[in-house]
Amino acid sequence: MSKVALVTGAGQGIGEAIAHRLVKDGFRVALVGRHLEKVQRVANDINANGGEAIAVRADVAKRDEVFEAVKATKKAFGDLNVIVNNAGVAPTTPIMDVTEDDMNWTWGINVNGVVWGTQAATEAFKELGHGGKIINATSQAGVEGNPNLTVYGSTKFAIRGITQTTAKELAQFGITVNAFAPGIVKTPMMWDIAHKVGQNAGKDDEWGMAQFSDGIALGRLSEPEEIASVVSFLSSDDSNYVTGQTIIVDGGMVFR
Ligand SMILES: NC(=O)C1=CN([C@@H]2O[C@H](COP(=O)(O)OP(=O)(O)OC[C@H]3O[C@@H](n4cnc5c(N)ncnc54)[C@H](O)[C@@H]3O)[C@@H](O)[C@H]2O)C=CC1
Ligand SMILES: CC(=O)C(C)=O
């Protein structure tokens, strides 16, 4: 029987690309998101093209909902081998504008969501009597401090720490934990940021997005599929001896 992966934030962007790639790799997939209609659209597309997918509504900031989503996955497919804690939000927050709500909302999704996903998947792996793979989304902004990203960057630095600590804690159960750190990927998240950059300069979204390629050695932004191919490796047996690592997929950002 083919393996099972759960991907959070799979209704668009990087999560959607990961879902399609893992299906191509032979996984059955559970697509989890806050908006059922978005993950259902991706699941319908996969099912119509010979893959096997279910859509599950859950807010990753809510522990109970994440545990329910993992339970629904086990019930539908009878197994779970990989969780990709991909869902995230990216507010732009100059330090002096940061509010308590900004901190709580962003940390609730980006950090707590990864902790709940890690706990729920670990519980499921143990119940199923086998190990598994936990894969977390961090960012180049969690490797190098970016101006105006205090809130977002702090969550993504935290993910690298959580990835290292849980890798050491969970290795005894045959579980590996790794992270991927994209640079600038052409997804709805980045188009929102590009819109603000363009608007502030009196230019359009395309102009805003183009500004980001300046600092990239490869001279271009990333496609979501280029992140999904790294997640494919981390989900496969080829990465069985890799744990606690963050793979940076940023095209060689020149500030590093
Ligand atoms: N796009 C980029 O350039 C980069 C993205 N990343 C990270 O990659 C991950 C995916 O990003 P994108 O695909 O670009 O973002 P996106 O905004 O295009 O898609 C994220 C998805 O997550 C879902 N989501 C948000 N909060 C949720 C919650 N509380 N519960 C369940 N689902 C929720 C959204 O509804 C959306 O469908 C994020 O963790 C992001 O921080 C990291 C580096 C760069
Ligand atoms: C959204 C993000 O992760 C950036 C700008 O690095």
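# Reading a predicted protein model with two ligands

Q: Which side chains place a polar atom 2.7 Å from an oxygen atom of ligand 2?

A: A polar contact is read as a pair of N or O atoms within 3.5 Å. Ser-139 has a polar side-chain atom 2.7 Å from an oxygen atom of ligand 2. For Gln-140, an N or O atom of the side chain is 2.7 Å from an oxygen atom of the ligand, and a polar side-chain atom of Tyr-152 likewise lies 2.7 Å from a ligand 2 oxygen.

Q: How much of the area that ligand 2 exposes when taken alone does the protein bury?

A: Ligand 2 by itself exposes 220 Å², and 91% of that is buried by the protein.

Q: How many residues surround ligand 1, and which are the closest?

A: Ligand 1 is surrounded by 28 residues, the closest being Asp-59, Asn-86, Tyr-152, Val-185 and Thr-187. By class, this shell has 14 nonpolar, 10 polar and 4 charged residues.

Q: Where do polar atoms of the protein lie relative to ligand 1?

A: In the side chain of Gln-12, an N or O atom is 2.9 Å from an oxygen atom of ligand 1. With Ile-14, a polar backbone atom is 2.8 Å from an oxygen atom of the ligand. The side chain of Arg-34 has an N or O atom 3.3 Å from a nitrogen atom of ligand 1. Taken alone, ligand 1 exposes 830 Å², of which the protein buries 96%.

Q: Which elements give two or more residues to the shell around ligand 1?

A: They are helix 1 (13–24), helix 5 (150–170) and helix 6 (188–200). Helix 6 gives the most, with 3 residues.

Q: How many helices and strands are in the protein chain?

A: The chain holds 8 helices and 7 strands.

Q: Where is the kink in helix 4 centred?

A: The kink, of about 40°, is centred on Gly-108. Just after helix 4, Gly-129 adopts a positive phi of about 80°.

Q: What radius of gyration would a compact globule of 256 residues have?

A: Such a globule would have a value near 18 Å; the protein chain has 18 Å, which agrees. Along the principal axes, its C-alpha atoms fill a box of roughly 55 × 40 × 35 Å.

Notes: Residues numbered from 1 in each chain as written. Chains lettered and ligands numbered in written order. Predicted model: local features only at pLDDT ≥ 70, side-chain atom pairs only at ≥ 80, totals over all residues. Heavy atoms only, no water. Polar contact = N/O pair within 3.5 Å; in protein donor to acceptor, adjacent residues only side chain to side chain. Areas by Shrake-Rupley, 256 points an atom, 1.4 Å probe, with all protein chains shown as cover. Bend = angle between axes of the 7 residues up to and from the residue. Helix = DSSP H or I, 4+ residues; strand = E, 2+ residues; numbered from the N terminus. Rg over C-alpha atoms; globule rule 2.2 N^0.38 Å. Near = heavy atom within 4 Å. Nonpolar A, V, L, I, M, F, W, Y, C, P; charged D, E, K, R; others polar.
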